[in-house]
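Please read it with the coordinates open.

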Amino acid sequence: MTYVLEARGLAKTYDTGGAEVLALRGVDLAVERGEFLAIMGPSGSGKSTLLNLLAGLDRPTAGEVRLDGDRIDRLSETELARLRRRKIGFVFQFFNLVPNLSVLENVELPLLLSGRGRKQARASAVELLSELGVGDKRAVAPALLSGGQQQRVALARALANTPGIVLGDEPTGNLDSAAAREVLALLRAARERGRTLLVVTHDARVAAAADRVVTLRDGLVSDETELEPARPVALPFESAERP
Amino acid sequence: MRDHFLALLAGEGGYGYELKQALEQTFGELLPALNAGQIYSTLARLERDGLVVGESVEGDSRRKRVYELTDAGRSALARWIEAPVPGTRLKDEFFMKLVVVTSAGLAEPRALIEAQRREYLQSLRDLDALLAANGKGVAAELLVEGAVLHAKADLEWLDLIEQRLTLAEEDT
């Protein structure tokens, strides 16, 4: 079977003025279509490096990355940029919206860049923004929105080209707990609609919403766990027999 | 549940079925199907201990026992209300298991930690799914939010335990 995204023996060494830093030391990872995968791990465990390599934003020292079965780690910058635009949606910790474009224009941008017509781009952007609950903010500048609203816009932008996978880098990292919960609900909803998600996170709540949680430690996968659908929760009722 | 029952009976008293209803109304679906037997045996114990007094009256269809607080029951309730519930717990089921099992050399600590991390993540998932569902009362919602915070703290603690173990291994 072809995975949406696959890494084999992925390693990355940084040369920091003579001293070599082993950021990743051989990571295997495969994301299935429709899966929500979370990557956790302490700072310095290699999470961000892994995400950058998977997204084709950085090149591995060893190993390979496949997107829809095709190797991407040896493509040219231009080819990579084109591929990212078509196949990958990004959600960042600090939203990374274009400040001098309106909310609507931010979401239209990837559609226009991938060759969609103006009318069609507008229609899709409008629809996505209302789906994500920020339909009434279309004309506003991103800076005037709350963090939670900005992340909704960022998610709309990430989903605009119906990418094969959405990559998230601490998507709730800069939000208060109420906004984080809303963004989490949207991620969960995207997953319900069959989107594939890979999210790097410190937030255990985000990880707990994933189907699978991979923990990195010192550049290696140290733990991997699959979660079941949510189980019913009930208060323990103390039996009268207890003292 | 004894003290909770005293509190529920403090006003005008009541009978077992009313207590069951009051609890169900407050906690909704969080409350497991309450076993009538548990309620009646708790009430019977309270009566045996002299904290409530019951009186049998004719109901619509059958006899029921109506309870109200005695003076001893009122002071017990007052003491319960006044005293804060115990704070920090210096007791943790997982940690005790980890220490005993690993010091006896019966399992690798990391295997236990991983299984436990999975359980905490799964409970966090269960709790969040419950929060996402509609139609809870405020009490139930806050109760679940509290459990979420505890689950997150438990996960952080597991990370800390694992880090210390790694450091200890490196030292040896």
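1. Conventions. This is a predicted model, in which local features need pLDDT of at least 70 and side-chain atom pairs count only at pLDDT 80 or more, while totals for chains, interfaces and linings use all residues. Residues are numbered from 1 along each chain as its sequence is written, and chains are lettered from A and ligands numbered from 1 in the order in which they are written.

2. Chain contact. On the chain B side, 27 residues are in contact with 21 residues of chain A (contact: C-beta atoms, placed from the backbone, within 7 Å). Helix 3 (36–48), helix 6 (109–132) and helix 7 (138–171) of chain B each supply at least two residues of that side. Helices here are DSSP runs of H or I, at least four residues, numbered from the N terminus. Helix 6 of chain B gives the most, with 13 residues. By class, the chain B side holds 14 nonpolar, four polar and nine charged residues (nonpolar: Ala, Val, Leu, Ile, Met, Phe, Trp, Tyr, Cys and Pro; charged: Asp, Glu, Lys and Arg; polar: the others, Gly among them).

3. Domains of chain B. The domain assignment gives domain 1 (2–82) and domain 2 (93–171); such bounds come from an automatic or database assignment. Their C-alpha centres lie 35 Å apart. Domain 1 of chain B puts four residues into the contact, and domain 2 of chain B puts in five. The domain 1 side has two nonpolar, two polar and no charged residues.

4. Helices 1 and 4 of chain B. The axes of helix 1 (residues 2–9) and helix 4 (residues 71–82) come within 10 Å and cross at roughly 115°. Axes are lines fitted to C-alpha atoms over the stretch in contact, and angles run from 0 to 180 degrees between N-to-C directions. That makes the two helices roughly perpendicular (65 to 115 degrees; under 35 is roughly parallel, over 145 roughly antiparallel, the rest oblique). Helix 1 of chain B contributes B:D3, B:L6 and B:A7, and helix 4 of chain B contributes B:G73, B:A76, B:L77 and B:W80. The contact has five nonpolar, one polar and one charged residues.

5. Helices 3 and 4 of chain A. Helix 3 (residues 103–113) and helix 4 (residues 118–131) pack at about 125°, with axes 9 Å apart. They are therefore oblique to each other. Residues in the contact include A:V103 and A:L104 of helix 3 of chain A, and A:A121 and A:R122 of helix 4 of chain A. The class count is nine nonpolar, one polar and two charged.

Technical notes: Contact = placed C-beta atoms within 7 Å.
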